[in-house]
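Keep the structure open as you read.

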Amino acid sequence: MKALLLDGCREGDYLAMEAVLEMTAALAGRADDVEVVKLRELAISACTGCFGCWTRTPGECVLQDDAATVLRSYLGSDVVAYVTPVTFGGYSSQLKMMLDRCIPLLDPRFTIVGGEVHHLLRYRRYPKTVVLGTLPSPDAEAERLFASLVARNGFNFHRTFEAEVLVGVPDPPSARRCAERLLDRIGVTA
Amino acid sequence: MNALILVGSPKGRVSASWMLGSRLAEGLRDHGVTVQYGMVHHELRSGEGTAKLLDLFDSSDLVVLAFPLYVDSLPAPLTRLLELAAERRGRTSAPGNPRLAVVVQCGFPEAHQCDTAIGICRRFAGSAGMGWAGALAMGMGGSLEGDFRRLPGGGKQILDALGKTAEALARGGDIPDEAKAVFARPLMPRWLYILTGNLGWRLKMRKNKARRPIGDRPYAQG
């Protein structure tokens with residue numbers, strides 16, 4: 001089993017970096033191969049909204065940068081974990097930059113999912129996905145928004161994404177338990 | 001009153017966000033508001049541009065975020081700007097007290113798909129010590145292509161909502177509920193939007209001389 005972790009932390013964000021370490025360890029206990037991608041170290045440009053990945057080179061972004069490598073790795077994984085500081089209830093801009101570049105994974109044509117319009121899936125198989133967020137202090141509204149955002153991202157892939165938020169400075173065992181819990185919820189076993 | 005319209009679309013002045021934001025700006029000007037624009041994707045490419053936007057942010061009485069929904073949220077560069085603005089306002093004990101308003105559109109028919117993004121903007125306003133003036137959200141953003149007159153009904157419902165919003169914001173009020181409801185009303189039946197949307201993708205492919213099928217799988221394994 002292959003696992004991919006998208007590290008959406010900024011340098012010096014020790015809380016989120018701790019979450020990355022514990023999620024990596026949790027994945028390593030269940031997967032044969034764990035790839036950790038530090039998004040801050042890659043060259044990933046902002047999506048230009050040109051829809052070239054749908055109408056010019058279907059399935060591939062017209063921009064040539066590190067995002068394509070991440071997308072190939074994403075599709076080749078059985079499980080993907082995003083780790084991010086919860087940012088006003090959403091993802092860090094670092095992680096968001098990559099997620100905005102994921103639209104080539106979908107087919108532009110519309111379909112109905114759960115009563116709402118979404119896009120068709122381009123591929124037959126996608127990895128199971130979990131999202132681990134961190135917050136320096138309790139913030140019920142941010143946690144609620146984060147859960148909603150992750151659930152909505154799951155709808156885009158016609159499936160359920162699971163999320164948890166680590167609040168405050170966690171001791172490593174509790175951060176590890178949180179990561180293990182997330183993997184349990186999506187049925188990722190050793 | 002000084003207002004700053006931040007256009008969060010990478011397409012800048014040829015975007016649906018510009019179309020909506022600039023029309024709102026016209027309404028604000030009609031009510032005596034001085035309006036400036038910031039093109040977020042363009043300005044954030046340089047330190048100078050970023051500093052300019054942050055200065056404008058803090059010197060405005062009203063900041064309007066006009067953006068397309070990207071993956072259920074704000075486009076990444078706009079998120080980055082909000083991170084920087086909140087950090088700076090935290091460091092400098094929040095100079096001034098600008099209010100924040102939002103105009104967001106998504107390519108799906110349902111306006112409610114923008115709700116999480118609006119919540120994120122509202123949470124940002126709270127974090128940055130800004131007032132919250134509300135949000136306009138619409139679906140079927142794919143129909144906005146440069147001219148309101150080409151929309152069903154001549155785009156009257158959108159123009160009415162933007163007009164009422166400009167009037168309210170110019171006198172320091174919140175976006176009226178009536179404007180929110182009218183703005184969110186579907187421009188056409190959902191089935192028709194799906195039909196024309198799906199046809200539209202194919203027409204764009206033909207125009208772009210795409211050589212692969214629409215459902216191609218370039219990253220398929222094995």
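## Where the two chains meet

Chain A and chain B bury about 4600 Å² between them, and carbon and sulfur atoms give 59% of that area. On the chain A side, the residues that lose the most area to chain B are T55(A), F88(A) and F110(A), which together make up 17% of what that side buries. Bear in mind that this is a predicted model. As for head count, 51 residues of chain A and 51 residues of chain B take part in the contact.

## Charged and polar pairs across the interface

Side chains of opposite charge can pair when their charged atoms come close. How many salt bridges are there between chain A and chain B? The count is 5. Over all chains, a search of the whole structure turns up 34 salt bridges.

In one, R10(A) forms a salt bridge with E83(B), with the closest N and O atoms 3.9 Å apart. This pair crosses between chains: R10(A) sits in the loop between β1 and α1 of chain A, while E83(B) belongs to helix α4 (residues 76-91) of chain B. In the other, D139(A) pairs with R123(B) in a salt bridge whose closest N and O atoms are 2.7 Å apart.

Polar contacts join in too, with 26 residue pairs found across the interface of chain A and chain B (both residues at pLDDT 80 or more). Which elements of chain A give two or more residues to the side that touches chain B? They are α2 (52-55), α3 (67-75), α4 (93-100), β4 (106-113), β5 (116-121) and α5 (140-156). The largest share, 8 residues, comes from α5(A).

Now for the inside of chain A. Here 5 strands form an open sheet with parallel pairing, in the order β2-β1-β3-β6-β7. The edges are β2 (33-38) and β7 (162-167) of chain A; each has a single partner strand, so one side of each is left without a neighbour in the sheet. On average, neighbouring strands of this sheet are turned by 15° against each other, direction ignored.

Strands β1 (residues 2-7) and β3 (residues 79-85) of chain A pair in the parallel sense over 5 bridges. Look for L5(A), whose bridge partner in β3(A) is A81(A). Helix α1 (residues 14-28) of chain A packs on the sheet and touches β1, β2, β3, β6 (128-135) and β7 of chain A, with its direction at about 165° to that of β3(A). Helix α6 (residues 172-185) of chain A packs on the sheet as well, touching β3, β6 and β7 of chain A; its direction makes about 170° with that of β7(A).

## The sheet in chain B

Over in chain B, an open sheet of 5 strands has parallel pairing and the order β2-β1-β3-β4-β5. Its edge strands are β2 (34-39) and β5 (131-138) of chain B, and each has a single partner strand, so one side of each is left without a neighbour in the sheet. Neighbouring strands of this sheet are turned by 15° against each other on average, direction ignored.

Strand β1 (residues 2-7) of chain B runs parallel to strand β3 (residues 62-68) of chain B, and 5 bridges join them. Within β3(B), V63(B) is the bridge partner of L4(B). Helix α6 (residues 156-170) of chain B packs on the sheet, where it touches β3, β4 (99-105) and β5 of chain B, and its direction makes about 175° with that of β5(B).

Terms used:
Residues numbered from 1 in each chain as written. Chains lettered and ligands numbered in written order. Predicted model: local features only at pLDDT ≥ 70, side-chain atom pairs only at ≥ 80, totals over all residues. Heavy atoms only, no water. Pairing = 2+ DSSP bridges. Helix = DSSP H or I, 4+ residues; strand = E, 2+ residues; numbered from the N terminus. Axes fitted to C-alpha atoms, helices over the stretch in contact; angles between N-to-C directions. Contact = heavy atoms within 4.5 Å. Buried area = accessible area lost by both parts, 1.4 Å probe. Salt bridge = Lys/Arg side-chain N within 4 Å of Asp/Glu carboxyl O. Polar contact = N/O pair within 3.5 Å; in protein donor to acceptor, adjacent residues only side chain to side chain.
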